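Take a look at the protein below.

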Amino acid sequence: MATEKMGIKIESNPDESKLTSLGVRSWPKWEGPPSTFPWTFTSNETCYLLKGKVKVTPDGYNDFVEIGAGDLVVFPKGMKCTWEISEAVDKHYNCE
């Protein structure tokens with residue numbers, strides 16, 4: 001079941017059938033080491049984390065969303081945030 005917090009939609013451990021229907025395995029991949037950096041989403045982005053752990057803090061909030069391996073996440077276009085990667089990330093992503 002998907003949840004939404006601060007405009008970020010998260011579905012933990014979606015069925016393989018859903019991942020297949022979205023074409024997740026054919027999306028580009030991105031890997032990032034432990035680090036902290038600002039990020040702005042210039043388009044809607046859906047990503048599926050294969051490994052890692054990240055705290056995402058949207059600008060203007062004193063709260064964060066934690067995402068990790070097995071999460072299917074949708075970030076809205078225009079979101080400005082800070083990524084704090086505590087465990088190296090490997091993800092598939094698709095920008096719309």
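This report covers the strands, the nonpolar cores and the cysteines.

This is a predicted model, in which local features need pLDDT of at least 70, side-chain atom pairs count only at pLDDT 80 or more, and totals for chains, interfaces and linings use all residues. Residues are numbered from 1 along each chain as its sequence is written, and side-chain values use heavy atoms, without hydrogens or water.

**The annotated span**

UniProt, in an unreviewed entry, lists residues 21-93 as "domain: (S)-ureidoglycine aminohydrolase cupin". Such annotations may be inferred rather than shown by experiment; positions follow the numbering used here, and feature names are shortened. The span is 3% helix and 64% strand. Its end C-alpha atoms lie 14 Å apart. Helices (H or I, at least four residues) and strands (E, at least two) are DSSP runs, numbered from the N terminus.

**Strand pairing**

Two strands pair if DSSP finds at least two bridges between them.

| Pair | Sense | Bridges | Residues facing each other |
|---|---|---|---|
| β5 and β6 | antiparallel | four bridges | Lys55 and Glu66 |
| β5 and β7 | antiparallel | four bridges | Glu45 and Phe75 |
| β5 and β8 | antiparallel | 12 bridges | Glu45 and Cys95 |

**The nonpolar cores**

A nonpolar core is a set of buried Ala, Val, Leu, Ile, Met, Phe, Trp, Tyr and Cys residues joined through side-chain atoms within 4.5 Å. Buried means under 20% relative accessible area, exposed over 50%, and partly exposed in between (1.4 Å probe, protein chains only).

The largest core has 17 residues. Ile8, Val54, Val56, Ile67, Val73, Phe75 and Trp83 touch the most other members. Two or more residues come from each of β2 (8-12), β5 (45-58), β6 (65-68), β7 (71-75) and β8 (80-95). A second, separate core of five residues includes Leu19, Trp27, Tyr48 and Leu72.

**The cysteines**

How many disulfides are there? The count is zero, with a disulfide taken as a pair of cysteine sulfur atoms within 2.5 Å. The sulfur of Cys95 is 9.2 Å from the closest cysteine sulfur, in Cys47, so the gap is too far for a bond. Is Cys47 buried or exposed? Cys47 is at 0% relative accessibility, so it counts as buried. Cys95 is at 41%, so it counts as partly exposed.
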